[in-house]
Amino acid sequence: MADPDCLFCSIVAGTIPSETIDSDARTVAFMDINPATPGHALVVPREHSADLMEIGAEDLTATILAAQRLSRHMKDVLEADGINLINSCGAAAWQTVFHFHIHVVPRYEDDPLKLPWVPAPGDPEEIARIATRLRGEDG
Ligand code: 5GP
Ligand code: ZN
């Protein structure tokens with residue numbers, strides 16, 4: 001069901017204009033209006049779901065496959081040197097539009113983007129403790 005208050009539902013419906021670049025039965029891809037690099041686009045399912053927690057398997061599969069198709073196309077047409085696929089789930093993870101989407105960000109050798117964290121070795125005991133919790137072995 002489309003959410004009448006959702007920006008991306010309105011883009012899918014065509015009531016808010018966008019630079020659409022690809023679509024299929026389940027997904028639409030369009031240009032991001034605040035591009036991180038030249039060519040930055042978003043792939044969304046046609047059906048509304050808020051985020052990664054909520055989206056169903058079929059729409060998730062269709063959206064990631066569409067993102068792969070667009071990534072290959074960007075490598076060809078834009079001569080991108082690499083691609084970042086980014087999904088933000090929840091406000092704490094930078095999500096600002098609550099209709100599931102995958103950012104397809106073409107990367108160029110000389111672009112200015114930086115990793116959003118500084119890689120540094122973690123505490124091995126803490127890593128092992130968290131792994132134990134995630135395996136469900138903490139009682
Ligand atoms: P998020 O922050 O939720 O991961 O990503 C939302 C993205 O939507 C942002 O990159 C933002 O630039 C983009 N965006 C916000 N409003 C519009 C709009 O009206 N049209 C388009 N094409 N993109 C939008
Ligand atoms: Zn929506």
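Modeller: A nonpolar core is a set of buried Ala, Val, Leu, Ile, Met, Phe, Trp, Tyr and Cys residues joined through side-chain atoms within 4.5 Å; buried means under 20% relative accessible area, exposed over 50% and partly exposed in between, with a 1.4 Å probe and protein chains only. In this predicted model, local features need pLDDT of at least 70, side-chain atom pairs count only at pLDDT 80 or more, and totals for chains, interfaces and linings use all residues. Residues are numbered from 1 along each chain as its sequence is written, chains are lettered from A and ligands numbered from 1 in the order in which they are written, and side-chain values use heavy atoms, with hydrogens and water left out.

Colleague: Let's turn to the metal. Which residues coordinate the zinc ion (ligand 2)?

Modeller: Donors are N, O and S atoms within 2.8 Å of the metal (3.2 Å for Na, K and Ca), and sites may look incomplete because water is not among the atoms. Along the chain, the donors of this zinc ion follow the spacing C-x2-C-x38-H-x50-H. At 2.0 to 2.3 Å, using SG of each cysteine and ND1 of each histidine, they are Cys6, Cys9, His48 and His99.

Colleague: What arrangement do those four donor atoms make?

Modeller: Four donors count as tetrahedral if all angles lie between 85 and 135 degrees; four count as square planar and six as octahedral if opposite donors are over 155 degrees apart and all others between 65 and 115, and anything else is irregular. Around the zinc ion (ligand 2) the angles are 105 to 116°, so the arrangement is tetrahedral.

Colleague: How many residues apart in sequence are the parts that Cys6 and His99 tie together?

Modeller: Both Cys6 and His99 are buried. Cys6 comes in the segment before α1 (7-13), while His99 is in the loop between β4 (82-86) and β5 (102-107), so the pair links parts whose separation in residues is 93.

Colleague: Now ligand 1. How much of its area does the protein bury?

Modeller: Ligand 1 is surrounded by 16 residues, the closest being Met31, Asp32, Asn34, Thr96 and His103; a residue is counted if one of its heavy atoms lies within 4 Å. Oxygen atoms of ligand 1 lie 3.0 Å from a backbone N or O atom of Val97, 2.9 Å from a side-chain N or O atom of His101 and 2.8 Å from one of His103. Accessible areas come from the Shrake-Rupley method with a 1.4 Å probe, and for residues only the protein chains shown count as cover. Taken alone ligand 1 exposes 520 Å², and the share that the protein buries is 83%.

Colleague: Which residue's side chain makes a polar contact with that of His40?

Modeller: A polar contact is a pair of N or O atoms within 3.5 Å; within protein, one must be able to donate a hydrogen and the other to accept it, and residues adjacent in sequence count only if both atoms are side-chain atoms. His40 sits in the loop between β2 (27-31) and β3, and is buried at a relative accessible area of 5%. At 2.9 Å, its partner is His103.

Colleague: Is Trp94 buried or exposed?

Modeller: Trp94 belongs to the loop between β4 and β5. Its phi is near 85°, a positive value in a residue other than glycine. Most residues other than glycine have a negative phi. With a relative accessible area of 62%, Trp94 is exposed.

Notes: Helix = DSSP H or I, 4+ residues; strand = E, 2+ residues; numbered from the N terminus.
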